[in-house]
Amino acid sequence: MERRAFSQTVWFLDVRESDFSPEDTGWQTKINRKMKEIFDRITTLHWEEPVLIKCHIGEPRCSTRMLPEYCLSSVEHARNKGFHRICCGDSTVVYSGERGRRENPIGSPGKYLNLARSHGWTEEGPLATPFVILDRPDTSVRGVFEFGEEEVQLRTDPFNRFKEVFAAGGFHSAGTIINHVHLTLHDLAHTACAVKGLAMGGASSRGKLMMHQHYTPLVDSEECILCGVCAEHCPEEALKQSGENMPRLDESDCIGCGECVAVCSTGALVMTSQEIYDWDRGRITLPFRMADYLVGLMENRWDRLLNVVHMYNVTRRCDCVDEPQEPMMDHMGFLIGTNPFVVDIMARNLMRDEFQKPAVQRDSLDATFFFENDPGIAPYDHVKETFHIPMDVKCIRIDMASRSSSKTPCYT
């Protein structure tokens, strides 16, 4: 049985009626002070070293990215517990750029580290904490945070669509994960928040390709005996085989689960990873696959996870876009909770409330995009029904303008 000791509370630091500005040092101090108070109240979190501050540093020209200054409370809280093995980190990405896996091969991750340094995420920055690239072991810090490139985790849960989960080595090696994420919309995942930050950020390159449906089976014609077992067991009917014909794959339906490889008695099938040539492939089901993948990544570690959602400078596209963007709405504040699915639901619905405001509807077409293409809470309902992860969590809203707190309706 997996340990899923979620706190039943999510805290909302509400800055909507205040003069909050992300760059304001006074607000940074105020928010960090309140976060530390909340951290002390979360009793279900089981702390272990090393502590990973999971973050997204943003692309070079992304000026609306998450700021490291709001992670200071997490670092200080870990230090106050007597922990010394603390690092910030994220994995390489499957697209090109200064964070790309091709541009930062093992042994030469200089572009990524330089970008992290320039955005304030290394020891020279406000957190005074090393930065590691979670799937580049040569960025390990000896005696502090050491790991390999990738860890393969076999899934025993019969309801998970993935039989294997490929975790970035550093993500797998973390004792406690404090997942700091910046809320934005996203072209493919619809919403970039806690689930995406963990699933994509915690996976190795193979895992990312799997979630994007670019991890598919290859049939060895010399080994295949045309038994049809692979096609019979394909959950999406992407593999088809009849008579004396070789199994045929419909790549558009393949989810990269590897079930066909698991049931093949002759070893005629192997899973192969591909470069992403079609970013729209599997767009509708990507949120479901990320949710399933996250369940695999976090197996038996739910009680060592804390999520902090930064809801300022919310933009139409995510921080992976290497260009300046304009915020779509007013700053909303921060969410803190142990259940990544619940904090995602609450962030989405707070954003939905902002979309209803006349000024946002008048000045932006993004509300139309969001509501027409977004699958809603269906991925979270899927997780609740399939994996029995609780979603009924109460919210404590703290008005950062008046410093008052109240229980607010839950959006689950």
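In which sense do β1 and strand β15 pair, parallel or antiparallel? The two strands, β15 covering residues 333–337, pair in the antiparallel sense over four bridges. Pairing requires that DSSP find at least two bridges between two strands.

## Basis of the report

The model is predicted: local features need pLDDT of at least 70, side-chain atom pairs count only at pLDDT 80 or more, and totals for chains, interfaces and linings use all residues. Residues are numbered from 1 along each chain as its sequence is written, and side-chain values use heavy atoms, with hydrogens and water left out.

Helices (H or I, at least four residues) and strands (E, at least two) are DSSP runs numbered from the N terminus. A residue is called buried under 20% relative accessible area, exposed over 50%, and partly exposed in between (1.4 Å probe, protein chains only).

Strand β1 spans residues 9–14, and six of its six residues are buried. T9, W11 and L13 point one way from β1, while V10, F12 and D14 point the other way.

β1 also runs parallel to strand β16 (residues 394–399), to which six bridges join it. L13 illustrates both pairings: its bridge partner in β16 is I398, and L13 stands opposite F334 in β15.

## Nonpolar cores

A nonpolar core is a set of buried Ala, Val, Leu, Ile, Met, Phe, Trp, Tyr and Cys residues joined through side-chain atoms within 4.5 Å. The largest such core has 66 residues, and those with the most contacts inside it are F171, L183, Y293, V309, M311, L335 and F341. Helix α10 (residues 340–355) supplies the largest share of this core, nine residues.

A second, separate core of 41 residues includes W11, F20, L127 and L306. M311 is in contact (heavy atoms within 4.5 Å) with residues including F12, L183, F334, L335, A347 and L350, leaving aside its neighbours within four places in sequence.

## Aromatic pairs

The whole structure holds 12 aromatic pairs. Rings of Phe, Tyr and Trp (its six-membered ring) pair if their centres lie within 6.5 Å; planes under 30 degrees apart count as stacked, over 60 as edge-to-face and the rest as tilted. The rings of Y70 and F334 have centres 5.1 Å apart and planes at 40 degrees, so this pair is tilted. Because Y70 lies in the loop between β2 (51–54) and α2 (72–80) and F334 in strand β15, the pair ties together parts that are 264 residues apart in sequence. Y70 is buried at 0% relative accessibility, and F334 is likewise buried at 0%.

F145 and F147 form an edge-to-face pair, 5.6 Å centre to centre with 75 degrees between the planes. Ring pairs also link F20, W27, Y70, Y312 and F334 into a cluster. The charged end of K30 sits over the ring of W27, 4.0 Å from its centre; the criterion is NZ of Lys or CZ of Arg within 6 Å of the ring centre and within 35 degrees of the ring normal.
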